[in-house]
Amino acid sequence: MVDDLPRFGCKNLHPSKHGKVSGLMQTILIHSIIFIFGICIGSFLNVCIFRLPKSKSIVFPGSACPECGSPIHFYDNIPILSYVWLKGRCRHCNCPISFRYPMVELISGCFALCLFLTFGLSLESLIYYLFITSLLVITFIDIDHQIIPDCITLPGIPIAFAASLALPSVHVTDSIIGFLAGGGILFLIAWLYYLITRKEGLGGGDIKLLAMIGTLLGWKGVAFSLFTASIIGTVSGLIIILKTKKNMKIAIPFGPFLSIGAILYIFFGPQLINWYMNLLR
């Protein structure tokens, strides 16, 4: 009986390996669900990117091949996996499918997972995710057509203001100042550029986009997004000019760079601002 007591105690005091494995499997399962949710939303984003510039419904009709018009069956419309199974080609006409489709799905899934790992399963994560997905749609539409749809930014501004009320890092005053600063700064720059050159530089879509960014992220988000977008945009523009050997008048959409700046602010903005201010001191 004496020998049995320690053995009984050890069995209950030390956590079993099965418990650790179970916890790891649970974590992997949760992360997988979040990622799958993100890539499914990414599939819908592809529909928005393709149809919004053409003023088509994003609900009806169902997905179809852009080349032959054949409806895409549900088993050929599984995010990422269907692209791999079909080897990047339409089942009916064998025309190549753009690699952008699985890329957008993958990016959407990665952002969903990154937000979950950063902010947890919270309302804050959901707000930022919806905001980032709208920026993804804006980015690819601006790259393709050099336009930023008003149907995203105009309703996005009041929605962003309402959403900012639920964010602990943004005060109502910050949201209002961010809206005024975001729209006002780019409007002033565009107006001055037109006075000097008599040509349009920044489009109205960029102004409304930065106003939407400022409404959700506040004036600090505006400053960070604009500063980051200017740096990345300048470097990217120089690379494009050197590679294409075109002059400095080449049109480069600014919306994608503003979107990159806003996304970077969500994940790293406050830390980078503090680092920069300490560097100045």
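Author: Leu-258 touches Leu-186, Asp-206, Leu-209, Leu-210, Ile-213, Ser-225, Leu-226 and Ala-229, with residues up to four places away in sequence not counted; contact here means heavy atoms within 4.5 Å. The model is predicted, so local features need pLDDT of at least 70 and side-chain atom pairs count only at pLDDT 80 or more, while totals for chains, interfaces and linings use all residues. Residues are numbered from 1 along each chain as its sequence is written, and side-chain values use heavy atoms, leaving out hydrogens and water.

Reader: Which residues touch the most other members of the largest nonpolar core?

Author: They are Phe-131, Leu-216, Leu-217 and Leu-258, in a core of 49 residues. Such a core is a set of buried Ala, Val, Leu, Ile, Met, Phe, Trp, Tyr and Cys residues joined through side-chain atoms within 4.5 Å. Helix H8 (204-244) gives the largest share of this core, 12 residues. Helices are DSSP runs (H or I, at least four residues), numbered from the N terminus.

Reader: Why is Ile-157 called buried?

Author: Buried means under 20% relative accessible area, exposed over 50% and partly exposed in between (1.4 Å probe, protein chains only). Ile-157 has 15% relative accessibility and therefore counts as buried. This residue of helix H6 is in contact with Phe-179, Lys-208, Ala-211, Met-212 and Thr-215, leaving aside neighbours within four places in sequence.

Reader: What makes Tyr-194 partly exposed?

Author: Tyr-194, in helix H7 (residues 172-197), has 37% relative accessibility, so Tyr-194 counts as partly exposed.

How values were computed:
Helices (H or I, at least four residues) and strands (E, at least two) are DSSP runs, numbered from the N terminus.
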